[in-house]
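Here are a few friendly notes to read alongside the model. Take them in order, and keep the structure open as you go.

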Amino acid sequence: MNILILDPADFVGGAELFTLDLLPSLVASHSITLVTAGNNKHYLERIPPDIEVVTYGLPRLRPFRPLAYLRAVIQIRKLCKKYRIEIVHSNSVRAGLVAAASGKPWVHVAHDFTLPKIFAKVFRRARTICACSQAVKNDLVGKGIAEKKIRVVYNGVALEKYNTLVPHRFDSDSPIVAIVGRLDAWKGQDVFVAAAIIIHEQLPRARFVIYGESSAHDSATVTFEKQLRESAPEYIEFSKFRPMREILQNVDLLVHASTQPEPFGRVVLEAMAANVPIVATWNGGVPEILGEELREFGYKPGNAEELAEKIVAIIESKEMRQRFATESQQRVQLFALEKVSEEIRRAWNNAIKANL
């Protein structure tokens, strides 16, 4: 089967990592052509060599430029003809708008809550929409997309990448607490800073690290990063993105602090796979990952006091850490990458059958 995947990938976030994780298993049974912006070397370096890569920047939603959109549709239609494409697969809203006009059966993966309601009618034309969580599915249904068209396909992880990690030697006197993600107001790094200040009073030797960067395409995130750096005490370190394996091998506890509903929460899943305790906001797709078994590791979004309390409790309780390890290793099996790959292949096959 010949598949055309549209994944702009101007920066590497959860949606882009989802594609990169899946590509090696999918290319084994399909001929894949990948359309991407080509301006992110970290993304390009991870693309398997047997995938045809076409560098093309799909137009952004804001500002919406009809002529740029039309040119993109023409380009994608030419690629469909050149590579005899049978299925077009989109990995973002702007990619979906182009895929919808490709003239081919179309499968869309929804990674967030950002679909403008004005475009819902367009997305009803997709053969299948794979939502990364039940929370995202509910959002799409609320915007007018038929429930029967949407299937929940959770993001997955290659468990063997994480469960073989040599754990960091835990030191309750000087633990390393970290947060990972794009520097953005809704990602809650400011809540992390507020919690760190509270914890510092009790555990003055604790270390705090913020891994992440703002997006050059979003001036609001650049401003947020500047304000965050200016407000953070000297005992809070800043670091650029690093491979998650490297981060998880060098921290004692990870924090997820999004103040708005998180569509999925990939870092939560990766921490669980690596047996690194995590305290995460109980909203969006995160409860679907943690489950009721790990409810005690969730906290109310934006509540720095509760976050600090949970972090200190985990640091001081070996029993809590052991409980997290036991329960998380059982739950992560639900998100094994092989299962996710099979769900995507099933969506493609169903789209082809519906076209016969």
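1. The second largest cavity holds about 40 Å³ of space. Bear in mind that this is a predicted model. Seven residues form the lining to look for here: Ile-5, Phe-18, Thr-19, Leu-22, Leu-23, Leu-26 and His-89. Helix H1 (residues 14-26) gives the most to this lining, with five residues. Sorted by class, the lining has five nonpolar and two polar residues, and no charged ones.

2. How many cavities of 30 Å³ or more does a search of the whole structure find? There are three. The largest cavity has a volume of about 40 Å³. Its lining is made by Val-93, His-108, Ala-110, Asp-112, Leu-115, Phe-123, Ile-129 and Leu-140. Six of these lining residues are nonpolar, one is polar and one is charged.

3. Next, the open spaces. The second largest pocket has a volume of about 390 Å³. Its lining counts 19 residues, and those nearest the centre of the pocket are Pro-167, His-168, Asn-275, Val-276 and Pro-277. Helix H14 (residues 318-331) gives the most to the lining, with five residues. By class, the pocket lining has 11 nonpolar, five polar and three charged residues.

4. On to the packing. In soluble globular proteins, nonpolar side chains tend to be buried together. In this model the largest nonpolar core has 98 residues, and Leu-6 and Leu-254 have the most contacts inside it. Helix H13 (residues 304-316) supplies the largest share of this core, seven residues. A second, separate core has 27 residues, among them Ile-5, Leu-26, Val-340 and Trp-348.

5. Leu-254 is worth a click. Which residues does Leu-254 touch, not counting those up to four places away in sequence? They are Ala-178, Ile-179, Val-180, Met-244, Leu-248, Val-267, Ala-271, Val-276, Pro-277, Ile-278 and Val-279. Val-276 and Pro-277 are also among the residues nearest the centre of the second largest pocket.

6. Now try Ile-87, found in strand S4 (residues 87-90). Is Ile-87 buried or exposed? Its relative accessibility is 0%, so Ile-87 counts as buried. Leaving out residues up to four places away in sequence, Ile-87 touches Met-1, Asn-2, Ile-3, Leu-4, Pro-105, Val-107, Trp-348, Ala-351 and Ile-352. For a sense of scale, Ile-87 and Ala-325 lie 238 residues apart in sequence and 40 Å apart in space, C-alpha to C-alpha.

7. The buried residues of H8 are Gln-189, Val-191, Phe-192, Val-193, Ala-195, Ala-196 and Ile-199.

8. Why does Glu-225 count as buried? Its relative accessibility is 15%, and the cut-off for buried is under 20%. Apart from neighbours within four places in sequence, Glu-225 is in contact with Leu-183, Glu-213 and Ser-214.

How values were computed:
Residues are numbered from 1 along each chain as its sequence is written. This is a predicted model: local features need pLDDT of at least 70, side-chain atom pairs count only at pLDDT 80 or more; totals for chains, interfaces and linings use all residues. Side-chain values use heavy atoms; hydrogens and water are left out. A nonpolar core is a set of buried Ala, Val, Leu, Ile, Met, Phe, Trp, Tyr and Cys residues joined through side-chain atoms within 4.5 Å. Buried means under 20% relative accessible area, exposed over 50%, partly exposed in between (1.4 Å probe, protein chains only). Helices (H or I, at least four residues) and strands (E, at least two) are DSSP runs, numbered from the N terminus. Contact means heavy atoms within 4.5 Å. On a 1 Å grid over the protein atoms alone, a cavity is a set of points where a 1.4 Å probe fits but cannot get out, and a pocket is an open set with protein on both sides within 12 Å along at least five of seven lines; lining residues have an atom within 4 Å of a point. Grid points are joined across faces, edges and corners, and a volume is the space filled by probe spheres set on the points. Ala, Val, Leu, Ile, Met, Phe, Trp, Tyr, Cys and Pro count as nonpolar, Asp, Glu, Lys and Arg as charged, and the others, Gly among them, as polar.
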